[in-house]
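Have the structure open while you read, and go through the points in order.

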Amino acid sequence: MTENIQFGNLKISITTEPKKTVLIFSGNVDEHFKQEDVPRVESETIIFDLSEVENFNSCGIREWIYLIKDYSNLGKLIFRNCSVTMIDQVNMVPDSIGNAKIESFYAPYYCESESCCGETNRLIQISEHIETLKEKKAPEFNCESCGKPLEFDALEESYFLFLDNMNAFPQAS
């Protein structure tokens, strides 16, 4: 079953399946977002797909934190496909992740080749790049157009800060 909710420029699509609920967020989390109007769905696994989150403002982040607190108590919360904007927000306001685990996120890269478009975002699966990310290094990617190596377009130690805040890496025993 799928339900769609609209808050100004933010759309949330909620799909409920046995043992899993997926919420897809698209748009701006701003003063139009009213977290109390988002249905709370208890589920074994709750996935927030955040690839299309474009912007947060102060009113929106306050509402977001309340939503995350509630959903953190309803099942295992996973953030998937976090946009660059979402990662920037998590780095500025660690409470915006609650007890969720980030499974994958986008990171900014660019191609120095004059024949390419320049800026691009690449999806990083934490499980596939765990050793590189532990060192606060950006995984290496090649440009899809020209094949040349892409350059990471942020400060690695700052951009990957959220990994420490969410205990993304298994502890050595």
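This is a predicted model: local features need pLDDT of at least 70, side-chain atom pairs count only at pLDDT 80 or more; totals for chains, interfaces and linings use all residues.

1. Six strands make up an open sheet, running in the order β1-β2-β3-β4-β5-β6, and the pairing is mixed. At the edges sit β1 (2-7) and β6 (101-102), each of which pairs on one side only. Further in, β3 (residues 20-29) and β4 (residues 45-56) run parallel to each other and are joined over nine bridges. If you want a spot to look at, take L23, whose bridge partner in β4 is F48.

2. Helix α1 (residues 58-72) touches β3, β4 and β5 (76-80), and its direction makes about 175 degrees with that of β4. Helix α2 (residues 84-92) touches β4, β5 and β6, with an angle of about 95 degrees between its direction and that of β4.

3. Have a look at S13, which is found in strand β2 (residues 10-17). Is S13 buried or exposed? Its relative accessible area is 14%, so S13 is buried. The S13 side chain makes a polar contact, at 3.2 Å, with the side chain of N4. Setting aside neighbours within four places in sequence, the residues in contact with S13 are T2, E3, N4, V22, L23 and I24. L23 has come up already, as the bridge partner of F48.

4. N81 is not a glycine, yet it has a positive phi of about 55 degrees. N81 lies in the loop between β5 and α2, and with 15% relative accessibility it counts as buried. K136 is also not a glycine, and its phi is positive too, at about 60 degrees. You will find K136 in the loop between α3 (130-134) and β9 (151-152).

5. On to the rings. A search of the whole structure turns up 16 aromatic pairs. One of them is W64 with F79, an edge-to-face pair with 6.3 Å centre to centre and 65 degrees between the planes. Because W64 lies in helix α1 and F79 in strand β5, the pair ties together parts that are 15 residues apart in sequence. W64 counts as buried at 0% relative accessibility, and F79 counts as buried at 0% as well.

6. Then there is F105 with F160. Why is this pair edge-to-face? The planes of the two rings are at 70 degrees, with the centres 6.1 Å apart, and an angle over 60 counts as edge-to-face. The pair links distant parts of the chain, 55 residues apart: F105 is in strand β7 (residues 104-110), while F160 is in the loop between α4 (156-159) and α5 (162-165).

Definitions and conventions
Residues are numbered from 1 along each chain as its sequence is written. Side-chain values use heavy atoms; hydrogens and water are left out. Two strands pair if DSSP finds at least two bridges between them. Helices (H or I, at least four residues) and strands (E, at least two) are DSSP runs, numbered from the N terminus. Contact means heavy atoms within 4.5 Å. Axes are lines fitted to C-alpha atoms, for helices over the stretch in contact, and angles run from 0 to 180 degrees between N-to-C directions. Buried means under 20% relative accessible area, exposed over 50%, partly exposed in between (1.4 Å probe, protein chains only). A polar contact is a pair of N or O atoms within 3.5 Å; within protein, one must be able to donate a hydrogen and the other to accept it, and residues adjacent in sequence count only if both atoms are side-chain atoms. Rings of Phe, Tyr and Trp (its six-membered ring) pair if their centres lie within 6.5 Å; planes under 30 degrees apart count as stacked, over 60 as edge-to-face and the rest as tilted.
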